[in-house]
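I'm jotting down what I look up, one entry at a time.

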Amino acid sequence: MCGRFAFFSSHEAMLRVFDLPPQTPVVAPRWNIAPTQSVAAVRADASGLRRLSMLHWGLLPSWARERRLAARLFNARAETVAVKPAFRSAWKQRRCLVLADGYYEWQSTGGGKRPWFIRRADREPFGLAGLWETWVEAPGATPLESCTILTTAAPAPLARIHERVPVVIPTTAFASWLAPQAADLASLAALLVAPPPDSLVAYRVGRAVNNARHDGPELVESIANVNAD
């Protein structure tokens, strides 16, 4: 699963990697993003122009009766996203990229759960496969735009930490993933795989990340460097 991640790249790197217009607002760096918080995401309009949006992390389908449902839908399994009622409509026409520099995962051990940080080996930001929806609580109320992050089975090197990983969309597939009216959903489904193991690095970090109220660059420091756990 993906229950905590970080996005702290520079504004210039964000514009470059995600091909966003120069007037795109600056996103404040965050090192401990948790479900039900706002996340930075890229969407495309009908003309293909990419826009940055802040979305509620935890999907609320348009038919949801209560907002609290979102707390359970912050992840979607890639294997069933096309058929699950909560996700299948968004899968067809409302896909997005959730901006990240890395994500956290907890490894179960005899001494408790150990947090790890997983990021790209080249330290570039990346786009997590996301779906988005618009929900209105009552007539006249302000719409809530929300999202979920897709996950899949972890490759062998990462499976020792956790059995699931978030789906990372290759930069070469950004345009097709973001297209509101995809001509070929089968080709998009082929993207829902784990990233190549050699493209990622994983290292242990301190337990301060366990508390979602903690935030700061020290959270992504390897405990081998800071000598703390």
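This is a predicted model: local features need pLDDT of at least 70, side-chain atom pairs count only at pLDDT 80 or more; totals for chains, interfaces and linings use all residues.

How much space lies in the second largest cavity? I looked it up and got about 40 Å³.

**Entry 1**

The elements that give two or more residues to its lining are β7 and β11, the latter being residues 164-166. Then I sorted the lining by class and got 5 nonpolar, 1 polar and 2 charged residues.

**Entry 1: the largest cavity**

How many cavities of 30 Å³ or more turn up in the whole structure? The search finds 2. The largest has a volume of about 50 Å³.

I wrote down the lining of the largest cavity too: Phe5, Phe7, Val27, Ala28, Arg30, Ile33, Val39, Ala40, Met54 and Leu99. By class that lining has 9 nonpolar residues, no polar ones and 1 charged. Arginine counts as charged, and Arg30 is in the lining. Which strands supply at least two residues each? They are β1, β2 and β3, with β3 covering 38-44.

A reminder from my course notes: strands of a sheet pair through backbone hydrogen bonds, either parallel or antiparallel.

- β1 (residues 5-7) and β2 run antiparallel and are joined by 2 bridges. Phenylalanine 5 has isoleucine 33 in β2 as its bridge partner. I had met both already, as Phe5 and Ile33 in the lining of the largest cavity.
- β1 and β7 also run antiparallel, with 2 bridges between them. Here alanine 6 has glycine 102 in β7 as its bridge partner.
- β7 (residues 102-109) and β8 (residues 112-120) are antiparallel and joined by 8 bridges. Glutamine 107 stands opposite arginine 114 in β8, and threonine 109 stands opposite glycine 112.
- β8 and β13 run antiparallel and share 5 bridges. Isoleucine 118 has alanine 202 in β13 as its bridge partner.

How many residues sit between β7 and β8 in their hairpin? I found 2.

Is β7 mostly covered or mostly open? It is mostly covered, with 6 of its 8 residues buried.

**Entry 2: helix α1**

I moved on to helix α1, residues 11-18. It is mostly covered, as 6 of its 8 residues are buried. The buried ones are His11, Ala13, Met14, Leu15, Val17 and Phe18.

My course notes have a line for this: an α-helix has 3.6 residues a turn, so residues three or four places apart point the same way.

What covers the buried residues of α1? The cover includes β1, β3, β4 (50-57), β6 (95-100), β9 (126-135) and α4 (174-178). I had already come across β1 and β3 among the strands that supply lining for the largest cavity.

After α1 comes aspartate 19, and its phi is positive, near 55°.

**Entry 3: serine 47**

Last stop was serine 47, which I located in the loop between β3 and β4. Is serine 47 buried or exposed? It is exposed, because its relative accessible area is 63% and the cut-off for exposed is over 50%.

How values were computed: Residues are numbered from 1 along each chain as its sequence is written. Side-chain values use heavy atoms; hydrogens and water are left out. Two strands pair if DSSP finds at least two bridges between them. Helices (H or I, at least four residues) and strands (E, at least two) are DSSP runs, numbered from the N terminus. On a 1 Å grid over the protein atoms alone, a cavity is a set of points where a 1.4 Å probe fits but cannot get out, and a pocket is an open set with protein on both sides within 12 Å along at least five of seven lines; lining residues have an atom within 4 Å of a point. Grid points are joined across faces, edges and corners, and a volume is the space filled by probe spheres set on the points. Buried means under 20% relative accessible area, exposed over 50%, partly exposed in between (1.4 Å probe, protein chains only). Contact means heavy atoms within 4.5 Å.
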